[in-house]
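I opened this notebook to record what I looked up in the model, entry by entry.

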Amino acid sequence: MSTQKHLSPSVWAELFLLAVLWGAVFFANRIALDEIGPLTLVAHRTLWAALLLWLVIFATQTPLPRSPRLWSAFLVMGLLNNLIPFGLLNFAQLTIESGLASIFNAATAFWGVLLAGLFLPDERLTLAKTLGIGLGFSGVATAIGLSHLTALDPRSLAQIAALLATLSYGFAGVWARKHLAGCSPLVASAGMLTCTTLLALPLAHVTEAPFTLNLSAPTWAANAYAGILGTAAAYLLYYRVLAAAGSGNLLVVTLLIPPVAILLGTAFLNEALQSRAYAGFGLLTLGLIVLDGRLLARLRRKKPT
């Protein structure tokens, strides 16, 4: 974990805003999936996000990426951080509630720590990290339900797809550390979203339907939100918060996303989660607290000697 930073009220506000932006993506995706397929939704989301980020790059006269090696890294990053996880989560939301999908999404932090410990020499697994990872995956298993872990019904397959999406996010974090170090976050985001779009458009055309702009108003609104606010603007805000708060404090966002998605799903989609989903989220929260380590360290300092 990186050195923790004191959070000002403005940084806290940006953390909450980022959680709202990402949490509402699950709601927007569920709306769009009523009309378009999972891969078509990926194509819309990444296309509009990439266009906006390139506008920002040209407006700020940011140097353009020209290295073939860098574009190869963007391509792999687009697969691991966008095409695979976005597609799997969209597929999952065809069957499971948007709030439940957001709970599974919280497993990203645990995969990230585990895979970093396995593949990055400076991110060794400690006892506390191992305990946190164990709690996190216990939360995932609880949210799925023991009876559904071995059943190959549509609901269990959707939940497994959501979990595999978070695994892909974890590999993306390792790939970025190895191959995108020193690259401008703005350029990296635009590059990987562009590569994702170039992959998603033909895939969606072949497997779902020809890409079309002839969509209903709700679908357009959902796509616009997911692409412009939930992806492009969220990426810009993410890197701003990362610089101000540090990676450890960004775990707070992981905990705030599910409540946003659950509230929106309950209020507008008539979703109702089972009690095991909330129990699983509780274990995920405990696991993130252990991974973060600050609360436990504070309690140890206060313990009388």
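**Entry 1, Arg155.** I began with Arg155, which counts as partly exposed at 21% relative accessibility; here buried means under 20% relative accessible area, exposed over 50%, and partly exposed in between, with a 1.4 Å probe and protein chains only. I noted that this is a predicted model, in which local features need pLDDT of at least 70 and side-chain atom pairs count only at pLDDT 80 or more, while totals for chains, interfaces and linings use all residues. Residues are numbered from 1 along each chain as its sequence is written, and side-chain values use heavy atoms, with hydrogens and water left out.

The side chain of Arg155 meets that of Glu97 in a salt bridge at 2.8 Å, N to O, where a salt bridge is a side-chain nitrogen of Lys or Arg within 4 Å of a carboxyl oxygen of Asp or Glu. Because Glu97 sits in the loop between helix H3 (68-93) and helix H4 (98-105) and Arg155 in helix H8, the pair ties together parts that are 58 residues apart in sequence. Helices are DSSP runs (H or I, at least four residues), numbered from the N terminus. Glu97 counts as buried, at 16% relative accessibility.

I then asked which residues line the largest cavity. They are Leu100, Ala143, Arg155, Gln159, Leu273, Gln274, Arg276 and Ala277. A cavity is a set of points on a 1 Å grid over the protein atoms alone where a 1.4 Å probe fits but cannot get out, and lining residues have an atom within 4 Å of a point. Helix H8 (154-179) and helix H12 (275-292) each give at least two residues to the lining, which divides into four nonpolar, two polar and two charged residues.

I found six salt bridges in the structure. In one of them Arg240 pairs with Glu14, with the closest N and O atoms 2.5 Å apart; as Arg240 lies in helix H10 (residues 217-245) and Glu14 in helix H1 (residues 9-32), the pair ties together parts that are 226 residues apart in sequence. Arg240 is exposed, with a relative accessible area of 52%, whereas Glu14 is buried at 15%.

I also recorded a network of salt bridges that links Asp122, Glu123, Lys129 and Arg177. Within it, Lys129 and Glu123 have their closest N and O atoms 3.6 Å apart, and both of these residues are buried.

Leu125 is placed in the loop between helix H5 (108-119) and helix H6 (127-144), and counts as partly exposed at 34% relative accessibility.

Most residues other than glycine have a negative phi. I therefore noted Gln61, whose phi is positive, near 55°, in the loop between helix H2 (38-59) and H3; Gln61 is exposed, with a relative accessible area of 71%. Asn270 also has a positive phi, of about 55°, and is found in the loop between helix H11 (251-268) and H12, exposed with a relative accessible area of 70%.

Key:
On a 1 Å grid over the protein atoms alone, a cavity is a set of points where a 1.4 Å probe fits but cannot get out, and a pocket is an open set with protein on both sides within 12 Å along at least five of seven lines; lining residues have an atom within 4 Å of a point. Ala, Val, Leu, Ile, Met, Phe, Trp, Tyr, Cys and Pro count as nonpolar, Asp, Glu, Lys and Arg as charged, and the others, Gly among them, as polar.
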